[in-house]
Amino acid sequence: MTVLTSSSVQIRSGDDVVRVRQEVRARAIEVGLGLVDQTKIVTAASELARNTLDYGGGGTLMIEGLQEGSRKGVRLTFEDQGPGIADIEKALTDGYTTGGGLGLGLGGAKSLSKEFSIASNPGRGTRVVIARWK
Ligand SMILES: Nc1ncnc2c1ncn2[C@@H]1O[C@H](COP(=O)(O)OP(=O)(O)OP(=O)(O)O)[C@@H](O)[C@H]1O
Ligand SMILES: [Mg+2]
């Protein structure tokens, strides 16, 4: 697998969440994802960016354009240095929230992504990686 392109978006405000959506849409189009796949990854990215901001205290999104053989894809890595998630299974459960949300974002982002991984060290931060291939 080759990383063709790589860029970052800082997530520090609600405006940055809007920028995340725009950037992810543009890069998804670049690798040739269809409208439905674009919308899925943009929606997942939006939820993850929100969590990065609201619970992670802000962080970074890295967007990579990938190629494997003739396949192209896009990979998103959200990282923050916030409090982390003590129980990931619980956090993924629909309806579980420690904020005022619906508790649907993380599980929703997972359902929308064929490739999804989450790693978190309590006290150190959280990293969520999703990818989508054409
Ligand atoms: N980056 C993060 N750092 C720390 N905790 C997180 C992070 N992302 C999610 N969580 C925890 O996981 C819980 C569930 O997240 P999820 O996105 O599913 O729901 P929500 O953000 O509370 O509500 P919704 O996304 O539906 O508005 C959050 O309430 C929070 O406790
Ligand atoms: Mg959320």
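Which helices and strands each supply at least two residues of the lining of the largest pocket? They are α2 (35-54), β3 (71-80), α3 (88-92), α4 (105-111) and β5 (125-133), where helices (H or I, at least four residues) and strands (E, at least two) are DSSP runs numbered from the N terminus. This is a predicted model, in which local features need pLDDT of at least 70, side-chain atom pairs count only at pLDDT 80 or more, and totals for chains, interfaces and linings use all residues. Residues are numbered from 1 along each chain as its sequence is written, and side-chain values use heavy atoms, with hydrogens and water left out.

**Pocket lining**

- α2 gives the largest share of the lining of the largest pocket, six residues.
- The lining comprises 13 nonpolar residues (Ala, Val, Leu, Ile, Met, Phe, Trp, Tyr, Cys and Pro), 10 polar and six charged (Asp, Glu, Lys and Arg), with the others, Gly among them, counted as polar.

**Salt bridges**

- The whole structure holds six salt bridges, each a side-chain nitrogen of Lys or Arg within 4 Å of a carboxyl oxygen of Asp or Glu.
- One of them joins the side chains of E30 and R27 (3.2 Å, N to O); both residues lie in helix α1, three residues apart, about one turn of the helix.
- R27 is buried at 9% relative accessibility, whereas E30 is exposed at 53%; buried means under 20% relative accessible area, exposed over 50% and partly exposed in between (1.4 Å probe, protein chains only).
- R132 forms a salt bridge with D37, with the closest N and O atoms 3.1 Å apart.
- R132 lies in strand β5 and D37 in helix α2, so this pair ties together parts that are 95 residues apart in sequence.

Note on methods. Chains are lettered from A and ligands numbered from 1 in the order in which they are written.
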